[in-house]
Amino acid sequence: MRIDLHSHSTCSDGVLTPEALMLRAKEKSVDVLALTDHDTIDGVLLAKNAIAQHGLDLHLVSGVEISCTWDAIEVHVVGLDIDISHPALTALLASQDQARITRGLELGRRLEKNKIPGAYDGAVAIAAEGMLTRNHFARYLVEQGFCKTMQQAFDKYLARGARAYVPHQWASIHHVVEIIHQAGGKAVLAHPVRYKLSAKWLKRLLVLFKEAGGDAIEVSLCQQSPQERSTLGQYCRDYGFMASVGSDFHAPFPWIELGKNLWLPKDVTPVWHSFSAFPDIPTGEVL
Ligand code: AMP
Ligand code: MN
Ligand code: MN
Ligand code: MN
């Protein structure tokens with residue numbers, strides 16, 4: 001059984017519509033997929049409808065990836081198996097949406113000062129109906145020829161500490177975990193190795209996430225060394241977390257694909273064992 005619990009659609013910064021994403025998941029033999037767009041659950045119903053319309057044998061987990069701030073660092077917490085109509089959750093996401101617009105306007109002003117005009121409107125046009133992210137600004141910078149690659153756009157203008165970076169105080173980890181729980185979901189620390197923290201600081205984050213009531217951490221990503229996977233598995237055992245798996249798919253790339261290369265080390269508890277509804281897993285399967 002193939003399980004992938006982290007993916008994005010055009011409802012945030014993915015390039016595939018929820019419908020196209022569901023079709024691709026099936027094409028890649030994924031059996032269980034979580035849609036986890038940045039700070040929005042708008043895609044979940046669209047994805048559900050697409051599954052029904054195409055008669056896909058695919059189990060969709062309702063999810064969201066929420067931006068949090070911890071000590072000036074932006075940390076992502078994924079909510080899985082959530083009730084997407086829960087008022088506390090929709091209120092939090094509405095305030096994150098508003099904050100993204102305010103931050104985007106400031107980002108546009110800072111780019112303007114760097115002789116890059118029209119970036120806010122350009123990014124909004126690229127995002128279309130989707131939640132506005134720095135990814136859309138990066139695409140604008142590349143499309144307009146200000147940068148050669150997305151990576152360059154982040155390195156030069158958008159990443160923390162870069163010329164146009166706008167620090168923002170997102171919701172706290174404690175608050176986000178609490179809201180995910182109120183919405184009946186599980187709170188998962190996304191891609192722990194991507195915060196560029198030393199082992200000492202990452203362990204501090206794990207302690208804080210545990211204190212906040214966090215349920216699981218992402219252990220398996222598409223691209224990682226066996227060493228990294230086993231270290232993250234060990235953190236699950238040491239700190240008492242369940243383990244999750246996720247490609248963090250945004251767009252078709254040779255090395256990041258839905259359901260690709262995702263598996264868990266032994267002796268960790270898969271987070272999906274705690275979901276309210278989950279398809280039967282045939283005996284003998286690892287996942
Ligand atoms: P935001 O949530 O608006 O701050 O945007 C963050 C998104 O931008 C992430 O989810 C990634 O998809 C993308 N991103 C962040 N940093 C980089 C980077 N260095 N290179 C490419 N994409 C990045
Ligand atoms: Mn993203
Ligand atoms: Mn993320
Ligand atoms: Mn993500």
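Contact means that heavy atoms lie within 4.5 Å of one another. The structure discussed here is a predicted model, in which local features need pLDDT of at least 70 and side-chain atom pairs count only at pLDDT 80 or more, while totals for chains, interfaces and linings use all residues. Residues are numbered from 1 along each chain as its sequence is written, chains are lettered from A and ligands numbered from 1 in the order in which they are written, and side-chain values use heavy atoms, with hydrogens and water left out.

Consider helix H4, residues 119-127; helices (H or I, at least four residues) and strands (E, at least two) are DSSP runs numbered from the N terminus. Ala119, Tyr120, Gly122, Ala123 and Ala127 of H4 are buried, that is, under 20% relative accessible area with a 1.4 Å probe and protein chains only, whereas exposed means over 50% and partly exposed lies in between. Seen down the axis of H4, the buried residues fall within an arc of 165 degrees, so they line one face of the helix; the arc is that of the directions from the helix axis to the C-beta atoms. Asp121 and Ala125, on the other side of H4, are exposed. The cover over the buried residues includes helix H3 (87-113) and helix H5 (134-143). After H4 comes Ala128, with a positive phi near 50 degrees.

The manganese ion (ligand 3) is coordinated by Glu65 (OE), His76 (ND1) and His191 (NE2), at 2.1 to 2.2 Å. Donors are N, O and S atoms within 2.8 Å of the metal (3.2 Å for Na, K and Ca), and sites may look incomplete because water is not among the atoms. His76 lies in strand E4 (residues 73-80) and His191 in the loop between strand E5 (186-189) and helix H8 (199-211), so the pair ties together parts that are 115 residues apart in sequence. Both His76 and His191 are buried.
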